[in-house]
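The sequence and model come first.

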Amino acid sequence: MRIQPKQVKIGIGIVLCAVLLCVVLFLISSGGSPQIVDAPAPPRHVNPMPLPPPIPSLIAVQAQLPIRDIKPLVESALRDYLRNPIQRKDGLIESFIQLTPAPMTMTSSSDGTLSAKVAFQFNGWAEVSKKVFGRIIRKREDFDGEASAILALRLILNPDWRITAKSRINISIQRAEIEIVGITVSIRQLLTKLVEEKVVPKLEALIVTQIARVDVKTHVVGLWKRLHEPIVVRDEPPIALVVEPLEALAEQLSGDAETIKIRLGIKTYIQVHIGSTEKIALLSKEIPALPELRFADSLESGYHIIAPVEVAYTAIEKLAKPHVEKTYQLKGIEMHVETLALYGSYEQLVAGVTFKMPAFHTRGQLYLLGTPTYDVSEMALTFTEFDYSLTTQSLLLGLAKDVGEGFFPNLRTTVEEELSFPIREQLTQLQETLSAAIENRRIGSYLVLRGSVDTVAPEALYLTQSGVQVWFRLQGKIVSEVKLDSPQ
């Protein structure tokens, strides 16, 4: 037999009447008193997730010593040293030599070799004593000429921070021989030996001494101590970078035509601390001594900072309330959601909802549990997989469930859709604040921090008593430029 549409409508009407009759009978059996649905609240207890272990950062330390600062000091000291003539006696030959150095040429190569080329004007005399027919004949001959010496110093930075050098020399002498009373006197040999023994060691010592006077260690000690002090990024709310230096690294010295380059690195842990200025001040620790250097083939600057963005439950509530606290209708029956309250329970977000249904004298408190997540594409906190707590589900059985069969899934969907909180602004502010703090930060008179924030990525999310925290890993490069004073 074919069922007519009119018969279907009559059947639905009978079912609805039966439901309403059950409701009336329930209300009569309960003496007409309001039906209260009051689910026990989930506990206000959070399980904070441990942060991922910190990744060491490397603050590159770059220092350059201009050769133009060393060269005039070495030239001056060498002229003073050679101001007095050098007198030598070698067997039958006695010599008296005056060396006058010309302005030197000094350059540095990529492997840290410092080359100094010095040209000399030399003049003097050589005297030969010769016994002829039982008589001692002395004959003196004046000479002059030009000589040059090229000294190549391979500068070496040692683990104890001293700078030493390994040298190579090349000496060239012009107008090399003279003849005295039939004896050929080699000025080349004489001058070569003189420059090797008297000039080159002095020149090497002068250069190394001038470079060593820069005292790189003292400058790095200053940075090492400064890094143990919290770097205040923002005053309100107080945010500080807390740096824990671990060790000192170095590449061997390098250079170019005009400078000697010193590249160091300080390996650290860097964390962000949020709290009162008094607490930040207490973060300073006892400063250990600067350790000996450990050498590496190359040092690449790179920092990793874990920093939180926290959103209070009250802020999420304020955004969601206008969309959740409203009247829901189903077939002429109304349910009014009066309040929405959020808090954390273990690792879930609790949405507590108070409601009333005047037509059925029903009111109560319901709780939904959702999972907090961070939406990377939207840069927003979202809460998904919402469902009623087990105790709420039990209370929804019976009248509340029968009457609200269409209401409560709708309410759950609304809560899930509306509990979304954008944090783009806070994240942008965090990035800009950190960038400003390290972009060009002067530390003392000779230290400057320069850095950039290159990437920001979510690292962890957990609930606190007051809100939701998303921890982000900020990565970039940071370099400390050291201004080296000219040697005195």
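## A hairpin, then the rings

L330 stands opposite I333 in strand β18. This is a predicted model, in which local features need pLDDT of at least 70, side-chain atom pairs count only at pLDDT 80 or more, and totals for chains, interfaces and linings use all residues. Residues are numbered from 1 along each chain as its sequence is written, and side-chain values use heavy atoms, leaving out hydrogens and water.

Strand β17 covers residues 327–330 and strand β18 residues 333–345. The two run antiparallel, joined by four bridges. Strands pair if DSSP finds at least two bridges between them. β17 and β18 make a hairpin with two residues between them. In the turn, K331 has a positive phi of about 55°.

The chain has 10 helices and 25 strands. These are DSSP runs numbered from the N terminus: helices are H or I with at least four residues, strands are E with at least two.

**Aromatic pairs.** Rings of Phe, Tyr and Trp (its six-membered ring) pair if their centres lie within 6.5 Å; planes under 30 degrees apart count as stacked, over 60 as edge-to-face and the rest as tilted. Two of the pairs are these:

| Pair | Type | Centre to centre | Between planes |
|---|---|---|---|
| F96 and W125 | stacked | 5.7 Å | 5° |
| F122 and F143 | tilted | 6.1 Å | 55° |

F96 in strand β4 (residues 93–101) and W125 in strand β6 (residues 113–132) are 29 residues apart, so the pair links distant parts of the chain. F122 in strand β6 and F143 in strand β7 (residues 135–157) are 21 residues apart.

F96 is partly exposed at 28%, whereas W125 is buried at 15%. F122 is buried at 2%. F143 is buried at 7%.

**Charges over rings.** A charge sits over a ring if NZ of Lys or CZ of Arg is within 6 Å of the ring centre and within 35 degrees of the ring normal. R140 lies over the face of W125, at 3.7 Å from the ring centre. R44 lies over the face of Y343, at 3.8 Å.

**Whole chain.** Of the 488 residues, 43% count as buried. Among contacts (heavy atoms within 4.5 Å) between residues at least 6 apart in sequence, 68% join residues at least 24 apart.

Terms used. Buried means under 20% relative accessible area, exposed over 50%, partly exposed in between (1.4 Å probe, protein chains only).
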